[in-house]
Amino acid sequence: MAFARNQWYVAAYGDEVGRDLLVRTVLGEPLVLYRTEAGQAVALADRCVHRRYPLSASRLDGDTIVCGYHGFTYDSGGTCVFVPGQQRIPRTARVPSYPVVERDSFVWVWIGEPDRADPAGVPRAPWLADPGYAVVRGMEPLNARYGLLVDNLMDLSHETYLHGGYIGTPEVADTPITTQVDEDRGVVYVSRRMDDAACPPFYARSTGIQGRITRWQDIEYHPPCLYLLHSRIAPQGVYPPADGPDSAAFHAEIVYAITPSTEDTTYDFWAVARDFAIDDESVGEYLRTSNHTVVMQDVTALNLLERVIAAEPDKYQELSINIDTGGLAARRMLARLVEAGAPQRALQ
Amino acid sequence: MAFARNQWYVAAYGDEVGRDLLVRTVLGEPLVLYRTEAGQAVALADRCVHRRYPLSASRLDGDTIVCGYHGFTYDSGGTCVFVPGQQRIPRTARVPSYPVVERDSFVWVWIGEPDRADPAGVPRAPWLADPGYAVVRGMEPLNARYGLLVDNLMDLSHETYLHGGYIGTPEVADTPITTQVDEDRGVVYVSRRMDDAACPPFYARSTGIQGRITRWQDIEYHPPCLYLLHSRIAPQGVYPPADGPDSAAFHAEIVYAITPSTEDTTYDFWAVARDFAIDDESVGEYLRTSNHTVVMQDVTALNLLERVIAAEPDKYQELSINIDTGGLAARRMLARLVEAGAPQRALQ
Amino acid sequence: MAFARNQWYVAAYGDEVGRDLLVRTVLGEPLVLYRTEAGQAVALADRCVHRRYPLSASRLDGDTIVCGYHGFTYDSGGTCVFVPGQQRIPRTARVPSYPVVERDSFVWVWIGEPDRADPAGVPRAPWLADPGYAVVRGMEPLNARYGLLVDNLMDLSHETYLHGGYIGTPEVADTPITTQVDEDRGVVYVSRRMDDAACPPFYARSTGIQGRITRWQDIEYHPPCLYLLHSRIAPQGVYPPADGPDSAAFHAEIVYAITPSTEDTTYDFWAVARDFAIDDESVGEYLRTSNHTVVMQDVTALNLLERVIAAEPDKYQELSINIDTGGLAARRMLARLVEAGAPQRALQ
């Protein structure tokens, strides 16, 4: 599976990046991340120019990073400022530095040609840093290619079978979806609106609703990295008013950042932001634990599926049905991003 | 090492197959086995047609199997009877089902073209289900290609060196063998008849014979899967009468089913059926423990040999002597079965 | 990375070779080592001619080695002297035996054409068997290609960064080196002479010197296998007299044997011989523990570097500076030895 280069990817949560060195591999590129004394997040290639020793196995000295093998020292822009045994520093002694943008609690890095990086192109998940919402979140490393996680999240009918007892009920698998593709903005939309559904424990316990619900799942996927699920939960029959706020409903903004690490590993960043019970820590703890369990059910299933697909590459065939419309649209958009982001050839 | 397709293979013992899903990989093909409510053993391809999720990571609903990822549901013939989110089931939604025959406590599956499967072609080991015999048995997964186990079992001179103290004595390695090949029936016969041999602990303790023995080892190998060792033990000088039953001797029917799993793993099914002390559970327990130890000595040796051969594929050379006649005949017959069982090309 | 064949390599310390079978893989060739009843060290190929079973998984019978699978038996020259089931022993039944020389506590084996083996070509490390010196030593298996250990040892500026607190001080990285190459004798010399340096704990505690030191590091690398570091430690300003012994200084002869095992594993034999405090076991124990720690710091770093290089073979690039002069000379000499030792082609 090819990668879409020249795109923004989430490398970490902001509070993971500090004065200890953090290692992440994004699109196969090894990164070391840290924060300068002034607080600026830095992402450098994690390979010393001398003998390729990982800079992450080293230490900071102020804002510089000192290689733990022979002491080559780099500033936060990747320029070498010290080599052992001589005064002259070779002009080519620099490691690549990656454009970094912090938004909505995420540290985004640009993988591709640095001069094409536009911070305005970072897609947004504002609820994650909005005081009107309470957030639980985490990150799980996945031993599966990122496309399997995209497939998983674009087709929520699996909630009924893989996540029964948490977020799945029969109505999710039974209710048809509508899919829209906005080629200009580069977004795939998938909606499933259940007018009369059982309330799964995840929402029954966190919202306090008793009885059946009206449940809306509105997905926005911004390939390659950001996935948003607008989840609206209300007592059965309660719909948004024609004007005014939708205050009789409960809203959960479920955010995934899907960051390819290597060909067959992925960082699965997940967060749930809610506009209800925002000061009730017991609800937060319940949602954190429940959603972590749901994520781990996906991780277990996708790791298994990766092993199957990797072991039988010549037997790959699938059968797609209506529920796969959103996932197939996402694959097509990803394929175009892969093509568009590939290194330009000389004659073009 | 190529596989011989269009043949019967032992996938399990009958009592391993029930209402819990059993996973076995035979000739590289992933199978899920279970038993219908009426008791019929079923073997299906362990891959959902939708996204290849293993059906074995799922559950039974009556006689149907429900995929644990998105709920695709198959009947015991492999036909899909339910898909999520729509009424219409695609005509191509079916997983391969494998012909199954139960014989002599084994569940045999046909790997190849289903319409060529003939239950009459299943080779027999009737002692395993004969009330006149007592049976101990087991199965060990082997991390070695199946040919190494065939070699091992066709040349019992290794008993002297690898299984000394259990079933080996000097006479096994010292006594020449006779080999016969029945091309029409597809059987290799190897006999070693020791007129005056030490009695190894395996037989001394189970038969109660004191002193030296006359020991016959008559092998029948029915490639690819079934190996029979007719073992006759009697006090030294006691031979079968010209007519009437051989009641002064002790008979052990030692059965192996050699089932290739992947290129370098094998299922090693083993059983010892005896016509003596059949109600003496202490003898049974002793033979079970002893034969398991012997099998594990082989497993350890063959796993080691597999690592050697896999790591040095370009250095493969051997030196064969008289004791290898049976093993070489078996290899030739296997090679013909591989050729005969290969998928037919279009113009043939 | 290619190997230099037709060279002597250290396979073991002499006291590792006895009546128990020892397995070592040198330049990809599996060896079994043992000592005859008369005390002669023997190295045979660790593969039975019959079915390639490792002879190391077997046992000695006097000076012969008996294969644990079918009993093929070899004398200490590798000639087969027994096969099971028949009197005639095939003429080709022999395993390669390797020329062996014991020198300076090492067991050297010749990997290549046996008739080119000249014991006079074994390079010497006489301090290891000299009663005027006390020796501490060990061997660590390295999960890295041998070239990384050569690089490591030829450029001691890494002592400052990787071994600070043990043998490294700032002066090592700061002091330029001089490099000489003797093409005729096949030796690379690297010297670093520090006139006024901090005394690292390794020498402060073992010599008792207080205050600053004059520290000389004189390397002789005899490719492919033997590395000598003549380390001279004296109170600051104390130099060898114009004539007479250098008795005011402390001398440590630090010896490494770098033996390629496979493409990406290496035996790292290390020894420290000292001419001071030779009867003080507490100094010996301190140096043994300290040097083992230093070696394990290298092992950890090189294992990490191997994983990086192996995972990114197409990204290999380096930037070399003055400190690398010795390492680059060593690489060039190794490349010539690889070429010279390669099997001769028919027309040459």
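**Strands, record and interface**

1. In chain C, β1(C) and strand β10 (residues 106–111) run antiparallel to each other and pair over 6 bridges. Strands here are DSSP runs (E, at least two residues; helices are H or I, at least four residues), numbered from the N terminus, and two strands count as paired if DSSP finds at least two bridges between them. Within this pairing, C:Tyr13 stands opposite C:Phe106 of β10(C).

2. On provenance, this is a predicted model, in which local features need pLDDT of at least 70 and side-chain atom pairs count only at pLDDT 80 or more, while totals for chains, interfaces and linings use all residues. Residues are numbered from 1 along each chain as its sequence is written, chains are lettered from A and ligands numbered from 1 in the order in which they are written, and side-chain values use heavy atoms, with hydrogens and water left out.

3. The β1(C)–β10(C) pair belongs to an open sheet of 3 strands in chain C, ordered β1-β10-β9 with antiparallel pairing. Its edge strands are β1 (7–13) and β9 (100–103) of chain C, each of which pairs on one side only.

4. Chain B holds an open sheet of 4 strands in the order β5-β6-β7-β8, again with antiparallel pairing. Because β5 (59–61) and β8 (80–82) of chain B stand at the edges with a single partner strand each, one side of each is left without a neighbour in the sheet. Strand β7 (residues 73–74) of chain B pairs with β8(B) over 2 bridges in the antiparallel sense, and the bridge partner of B:Tyr74 in β8(B) is B:Cys80.

5. For chain A, the unreviewed UniProt entry places the feature "domain: Rieske" at residues 8–109; such annotations may be inferred rather than shown by experiment, and the positions follow the numbering used here, with feature names shortened. Over residues 8–109 of chain A, the chain is 0% helix and 41% strand, with its end C-alpha atoms 6 Å apart.

6. The contact between chains B and C (heavy atoms within 4.5 Å) takes 30 residues from chain B and 25 residues from chain C. The buried area, meaning the accessible area (1.4 Å probe) lost on being put together and summed over both parts, is about 2200 Å², of which carbon and sulfur atoms give 56%. In chain B, B:Tyr161, B:Leu319 and B:Ile321 lose the most area to chain C, together 31% of what that side buries.

7. Across this interface of chain B and chain C the rule finds 4 salt bridges, each defined as a side-chain nitrogen of Lys or Arg within 4 Å of a carboxyl oxygen of Asp or Glu. The side chains of B:Glu318 and C:Arg51 form a salt bridge with an N to O distance of 3.6 Å.

Note on methods. Buried area = accessible area lost by both parts, 1.4 Å probe.
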